[in-house]
Amino acid sequence: MRQGKVRVGRVYEPRIEGDEFRILVDRLWPRGLTKQDADVDEWCKDVAPTTELRRWYAHDPERFAEFSRRYRQELAAGPQAEAVGHVADMVDSGRPVALLTATRHPHMSEAAVLATLLGPRRPHRAAG
């Protein structure tokens, strides 16, 4: 099965050429942004980190490595596991996917962690 490309970006940015499917991966809807202006195809809040982890991280760059480790644990065993499978299916369909977040530094967000999990080195998931 062919894998699509995964891009990380801000939800406030307009759709770019090559964005076939835009997924907002934040648990909370971005402030000051209407759903029409967001131009997202799906809001997958179930894949977002838990409120506790999100509050602990607080987008502190010094905590990103530990945030990534803890978030990966949540994605593997927590309620987010099913949601990450859904996003993985989108990527596996071959469609280019943009994982979007409201944070000012998307390269240090849950979207970035998800992108590394869903990138080309990710082993193929068995159907089931």
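The protein chain exposes about 7600 Å², of which carbon and sulfur atoms supply 52%; accessible areas come from the Shrake-Rupley method with a 1.4 Å probe, and for residues only the protein chains shown count as cover. The model is predicted, so local features need pLDDT of at least 70 and side-chain atom pairs count only at pLDDT 80 or more, while totals for chains, interfaces and linings use all residues. Residues are numbered from 1 along each chain as its sequence is written, and side-chain values use heavy atoms, with hydrogens and water left out.

Of the 128 residues of the protein chain, 43% count as buried, where buried means under 20% relative accessible area, exposed over 50% and partly exposed in between (1.4 Å probe, protein chains only). The secondary structure comprises five helices and four strands, arranged along the sequence as β-β-α-β-α-α-α-β-α. These elements are DSSP runs numbered from the N terminus: helices are H or I with at least four residues, and strands are E with at least two. Among contacts with a separation of 6 or more, 63% are between residues 24 or more positions apart; contact means heavy atoms within 4.5 Å.

The largest pocket holds about 490 Å³ of space. Its lining consists of 20 residues, and those closest to its centre are Asp 26, Leu 28, His 59, Ala 102 and Thr 103. A pocket is an open set of points on a 1 Å grid over the protein atoms alone, where a 1.4 Å probe fits, with protein on both sides within 12 Å along at least five of seven lines; lining residues have an atom within 4 Å of a point. Grid points are joined across faces, edges and corners, and the volume is the space filled by probe spheres set on them. By class, the lining has nine nonpolar, four polar and seven charged residues.

Thr 103 lies in the loop between β4 (97-101) and α5 (110-118). Thr 103 counts as buried because its relative accessibility is 11%. Its side chain makes a polar contact of 3.4 Å with that of His 59, a polar contact being a pair of N or O atoms within 3.5 Å, one able to donate a hydrogen and the other to accept it within protein; residues adjacent in sequence count only if both atoms are side-chain atoms. Beyond four places in sequence, Thr 103 is in contact with Arg 10, His 59 and Ser 109.

Gln 80, in helix α4 (residues 80-92), is buried because its relative accessibility is 1%. A polar atom of the Gln 80 side chain lies 3.1 Å from the backbone oxygen of Ala 48.

Terms used. Ala, Val, Leu, Ile, Met, Phe, Trp, Tyr, Cys and Pro count as nonpolar, Asp, Glu, Lys and Arg as charged, and the others, Gly among them, as polar.
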